[in-house]
Amino acid sequence: MTAPTTKGTAPFGEFRTWYRVTGELSPGRTALVVVHGGPGSTHDYLTSLSVFADGGTPVVHYDQLGNGGSTHLPGRPAEFWTVQLFLDELDNLLRHLGIADNYVLFGHSWGGLLVAKHAAAAPAGLKGLIIADAPASYPLWLAAMAELRAALPPGVDETLRRHEAAGTTDSDEYHAATKVFYDRHLCRLDPWPRDYQASFYELYNDPTVYLAMNGPSEFHVIGSLKDWGVTDCLADIRVPTLVVSGRHDEATPATVRPFVDLVPDARWELFDDSSHVPHLEEPERFRQTVGDYLKTVAQV
């Protein structure tokens, strides 16, 4: 049985947030809200999480402001794109859908930091938290990136650094070198799944948010997030938390461990054959792990 799907947009000030609901939202059912990475990516690569609606948990996907089906704002200056903007957008969507009193958050990569920050405010309706493939801070992330880059095949990191220093990160040579890193630490499947490629195409078509907050690549973070993290507020999270990452993940164990050490009720599931997207690389184990977790925190 396939759960029904509805799509819409939520007004967010003068903008619109695109969303998709799989299953039926109702007061007696805990909704799983999926918060994608980037920042500046889209929901597409996380579409497979809609499978949890078949078990009775309605699943909400949305595109964060600036990308996908939501309002694009390519002319906005870098300072417009803030963590608070995306926290406000998430709060607004929860209210619009009428689920602010009963929901679980799934945050992937950048989305993991965002949902952790949201959870630290102890919202009354939050029942659980899943933090997937996310660093606890960008300084930790950058330290890990330096180690991973140093282990790339000879000449690759030199090529990357040459273009980063010259400001030519839009060159074909730079993109080819980033692919070497991505194939090791972002997604180890060959070819990349169509849903994953779709999010990359969306980001490529409008990189406004990604360039402003992150930078030209996963490992060259020079945007507004470069000094930001959530380690200072993790102790304030009051819900059971599942932490997920891959053994080959760009979110290395050193970047993930603060979630496990500092969140009072957290457990960590490490996927041995995955990098940054265990939900695509080890889908059966992922579905079992998250499904079991949802049974402990969600009402269906």
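Which residue of β4 does Leu32 stand opposite? Select the pair and you'll see Val59.

Before going further, a word on what's on your screen: this is a predicted model, where local features need pLDDT of at least 70, side-chain atom pairs count only at pLDDT 80 or more, and totals for chains, interfaces and linings use all residues. Residues are numbered from 1 along each chain as its sequence is written, and side-chain values use heavy atoms, with hydrogens and water left out.

**Stop 1: strand β3**

Select residues 31–35, which make up β3. Helices (H or I, at least four residues) and strands (E, at least two) are DSSP runs numbered from the N terminus. Here 5 of the 5 residues are buried, so the rest of the structure largely encloses the strand.

Strands pair if DSSP finds at least two bridges between them. Strand β4 (residues 59–62) runs parallel to β3 and is joined to it by 3 bridges. With β5 (residues 103–108) there are 5 bridges, again parallel, and Val35 stands opposite Gly107 there.

**Stop 2: helix α8**

Go to residues 253–262 and pick out Thr255, Val256, Pro258 and Phe259, the buried residues of α8. Look down the axis: they fall within an arc of 140 degrees, so they line one face of the helix. (The arc is taken from the directions from the helix axis to the C-beta atoms.) On the face turned away from that buried side sit the exposed Ala254 and Asp261.

What do the buried residues of α8 pack against? Show α2 (110–120), β6 (126–132), α3 (138–150), β7 (241–246) and β8 (266–271). Contact here means heavy atoms within 4.5 Å.

**Stop 3: Glu282**

Center on Glu282, in the loop between α9 (278–281) and α10 (283–297). Because its relative accessibility is 13%, Glu282 counts as buried. Setting aside neighbours within four places in sequence, Glu282 is in contact with Phe271, Asp272, Asp273 and Ser274.

**Stop 4**

On a 1 Å grid over the protein atoms alone, a cavity is a set of points where a 1.4 Å probe fits but cannot get out; a pocket is an open set with protein on both sides within 12 Å along at least five of seven lines, and lining residues have an atom within 4 Å of a point. Points are joined across faces, edges and corners, and a volume is the space filled by probe spheres set on them.

The largest pocket holds about 810 Å³ of space. Of its 31 lining residues, select Tyr182, Phe200, Leu203, Tyr204 and Pro216, the closest to its centre. Elements giving two or more residues to this lining are α5 (172–185), α6 (194–205) and α7 (208–213), with the largest share, 7 residues, coming from α6.

Next, the second largest pocket, about 190 Å³. Its lining includes Phe52, Thr57, Arg287, Asp292 and Lys295.

Select Gly38, Ser109, Trp110, Pro135, Tyr138, Trp141, Asn214 and Glu218 to see what lines it.

Definitions and conventions:
Buried means under 20% relative accessible area, exposed over 50%, partly exposed in between (1.4 Å probe, protein chains only).
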